Amino acid sequence: MSRHPCRDISSDTMQPGTPSPVSWRQDGDVAVVTVDHPPVNALNTAVRAGLIEAFARARQDATIAAVVLAGAARTFIAGADIAEMDRPPQRPSTLDVIEALEQVGKPVIAALHGTPLGGGFEIALACDFRLAAPGTRMGLPEIKLGLIPGAGGTQRLPRLVGMERAMAMILSGDPIAAEAARGLGLIDEIVEGDLVAAAIAFAREAIAKGRLPARARDRDEKLASLRAEPRKFEDMAAAHLKRTRGLRAPACAVEALRGAISLPFDEALAREWAFFLELRASEQSKAQRHVFFAEREAAKIPDLPKDLPRVTVATAAVIGAGTMGGGIAMCFANAGIPVTVVETSTAALARGLGAVEKNYRATVARGGLGTDDADARLRLITGTLDIEAVRAADIVIEAAFEDMRVKHDVFGRLDRVAKPDAILATNTSYLDVDAIARPTARPQSVLGMHFFSPANIMRLVEVVRGAHTAPATLAAAVATARRIGKIPVVVGVCHGFVGNRMHRLRSVAAERALLDGALPQDVDAAMTKFGFPMGPLAAADLAGLDISWGMRKAQGLRAEIADSLCEAGRYGQKTGKGFYRYAEGARTPLPDPEVEQLIVAASARRGLAQRPIGADEIVERLLFPMINEGARILDEGIARRASDIDVIWIYGYGFPVWRGGPMFYADSVGLPHIVERLRGWAAQSGEPGDAPAPLLTRLAAEGRSFASLADAAT
Ligand code: 3H9
């Protein structure tokens with residue numbers, strides 16, 4: 001009878017005649033079991049069934065004395081099949097696989113390469129020995145999907161490396177390199193050359209020695225002392241849980257880990273499994289799984305010809321050494337690509353490069369980078385006042401002042417000096433990319449690459465495809481963005497593209513909520529409770545209110561409250577006053593009675609009656625108009641997929657990943673509810689722009705969701 005606790009899940013039989021993704025070959029008395037299920041050997045039902053069959057055969061076959069378990073092609077097993085998780089769990093489970101493995105009764109050696117992750121790493125932890133190829137990165141990333149390890153990871157890992165390391169690995173989800181794993185005793189040997197051949201040789205030695213090490217489940221030496229000092233566990237857990245507000249998985253991970261010191265192994269395993277099933281069915285994990293696939297989908301541009309030449313960027317140039325230009329230059333240097341920064345004055349160049357150096361030194365001081373690494377990166381960044389220096393660059397990113405005349409001047413010069421096949425990108429956040437391309441004789445080489453601030457940290461890049469951008473330029477820009485560690489999302493040309501266009505609607509809605517009676521601290525508290533790391537008004541204070549004021553003035557627009565604040569010299573944190581006040585040198589927003597008076601006066605001028613507004617209403621009022629704009633953006637083909645909009649908001653604007661992004665969130669709320677609310681507000685305001693967008697109305701009426709939409713054209 002099955003020893004583990006997942007007996008209740010339904011059983012699935014493999015389609016007869018389907019070739020198994022798990023192969024078996026014999027090298028003398030060593031069985032080599034190989035998982036071959038591209039692209040990453042994910043543990044789907046067929047892989048699990050194949051592994052159980054192979055382990056049973058190894059147990060029964062008297063000619064077999066040891067087993068090597070390996071992965072074909074690019075990696076060992078990279079975890080459970082995430083795509084299967086939207087369906088009910090199927091037997092056999094990964095726990096069944098591990099039970100079969102532990103019953104082999106002969107040495108089982110895991111031959112690890114690529115990314116042994118999640119369930120794949122958990123299987124490896126149950127093996128008797130683990131060898132790894134150099135460069136292997138292994139770990140338990142389940143937390144990033146709103147899950148916890150469900151196949152013994154929370155029990156075997158602390159037994160092998162101690163609770164402190166195990167908790168850090170499980171709660172961060174970050175993988176560790178083979179060398180670090182070797183240091184922790186997780187890996188027996190790092191093997192250069194033919195990994196499987198080395199594992200077979202290792203197996204022969206193990207057979208010759210005749211004795212197996214204690215299995216991970218039976219080891220206790222790394223946990224015994226912690227049992228005597230339970231306070232230590234609580235302190236570790238509290239430190240990890242400090243920053244996980246709103247998330248269920250980290251709390252479950254801690255509880256499952258607690259089982260490793262408070263319960264017998266099998267009971268703790270049952271508890272881990274129960275948490276895993278709870279999380280697997282949770283809205284938070286569904287949202288995070290959606291984001292996992294959305295992020296990968298966003299990089300796909302289906303209408304590009306398949307046979308485009310591969311462009312490799314060897315050198316880059318950035319025009320402008322301001323905050324954005326410096327940050328973008330760091331992205332290239334961090335990826336090992338030499339980059340030239342062009343400025344117009346010695347002072348601006350010195351200031352910009354000085355800021356970059358300060359940034360690297362701060363990272364070194366925090367322990368995030370070695371001094372040698374920082375120096376090497378700094379050496380890759382060269383400053384110049386001579387635009388001729390871009391001649392060698394494969395990509396030029398313009399990060400100059402947001403003014404069309406400045407952009408025209410820069411692109412006119414770039415056209416004269418850049419090499420013929422260089423990518424010419426603008427980092428504009430709002431301006432028309434087609435207009436920016438106009439002074440060049442090569443609009444096919446021009447596009448937008450909109451980085452987010454701070455550019456060296458934020459992962460999003462909106463890649464803006466102009467009317468004349470050539471497919472090869474677009475593909476090369478997307479590939480370059482990925483190479484420098486960014487998440488590129490292709491968008492079309494419109495004012496503010498996707499992110500800032502929706503963001504403007506949220507700012508307008510926040511203004512309206514203030515005019516109707518909410519206080520800045522109410523708005524921000526509602527949005528941080530929803531899951532944003534910072535409220536929109538505190539974030540506006542941080543960015544500087546004068547920037548959007550300037551833009552509104554240029555467009556003849558007015559924001560009653562934000563403009564009144566600027567007129568009173570309150571530009572945000574930089575002046576110590578904005579929507580909030582700030583103590584000298586401090587960044588904590590403090591409610592300010594002066595602002596309250598200013599809001600009441602603005603509201604009275606408009607003849608509005610103020611009333612208290614609850615947190616739920618604030619969230620709806622700020623998010624639903626944004627979602628409505630997202631529907632228009634989709635309808636116009638500015639974004640290709642609803643999920644692309646989700647990726648933009650998660651990686652560019654701090655939308656909580658466990659809500660899945662605004663469009664996924666809209667689907668989870670229900671589109672009819674959003675349409676009803678928008679209709680109500682539009683009736684009150686009388687503004688036609690507040691009415692529900694045609695696409696949103698149609699989907700709601702048809703009982704459909706944003707997720708049901710096929711690709712739109714970008
Ligand atoms: C788990 O294991 C729970 C356990 O505790 C079990 C409990 C019982 N499933 O990222 P890439 C696809 S939870 C399905 O572009 P890379 C991906 O969608 C799981 N599909 O490549 C993409 O498809 P497409 C724990 C997966 O080289 C293609 O593979 N494991 C999975 O940049 C290539 O992916 C994880 O969380 C999967 N597990 O990075 C690992 N993984 O080409 C998640 C990938 O159609 N995966 N795909 O777009 C990763 O972190 C990265 O994909 C990996 C490769 C590092 C493996």
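Predicted model: local features only at pLDDT ≥ 70, side-chain atom pairs only at ≥ 80, totals over all residues.
A residue is called exposed here when its relative accessible area is over 50%, and buried when that value is under 20%.

Helix H14 spans residues 346–365. Its 20 residues reach 28 Å from the first C-alpha to the last, close to the 28 Å expected at 1.5 Å a residue. Now look at which of its residues are hidden: Ala348, Leu349, Gly352, Val356, Tyr360 and Thr363 are buried. These residues sit on the same side of H14 because they cover an arc of only 110° around the axis. Turn to the other side of H14 and you will find Thr346, Ala350, Arg351, Lys358 and Ala365, which are exposed.

Next, let's visit the ligand. It is surrounded by 28 residues, and the closest are Arg74, Glu122, Glu142, Arg296 and Lys300. Sorted by class, this shell holds 16 nonpolar, six polar and six charged residues.

In the side chain of Glu122, an N or O atom is 2.7 Å from an oxygen atom of the ligand. Gly150 takes part through its backbone, with an N or O atom 2.9 Å from an oxygen of the ligand. On its own the ligand has 1,000 Å² of accessible area, and the protein covers 76% of that. The elements giving two or more residues to the shell are helix H3 (118–126), helix H11 (265–280) and helix H12 (283–298).

Notes. Residues numbered from 1 in each chain as written. Heavy atoms only, no water. Near = heavy atom within 4 Å. Polar contact = N/O pair within 3.5 Å; in protein donor to acceptor, adjacent residues only side chain to side chain. Areas by Shrake-Rupley, 256 points an atom, 1.4 Å probe, with all protein chains shown as cover. Helix = DSSP H or I, 4+ residues; strand = E, 2+ residues; numbered from the N terminus. Nonpolar A, V, L, I, M, F, W, Y, C, P; charged D, E, K, R; others polar. Expected span 1.5 Å × (residues − 1). Buried < 20%, exposed > 50% of the residue type's maximum accessible area, 1.4 Å probe, protein only. Arc of directions from axis to C-beta.
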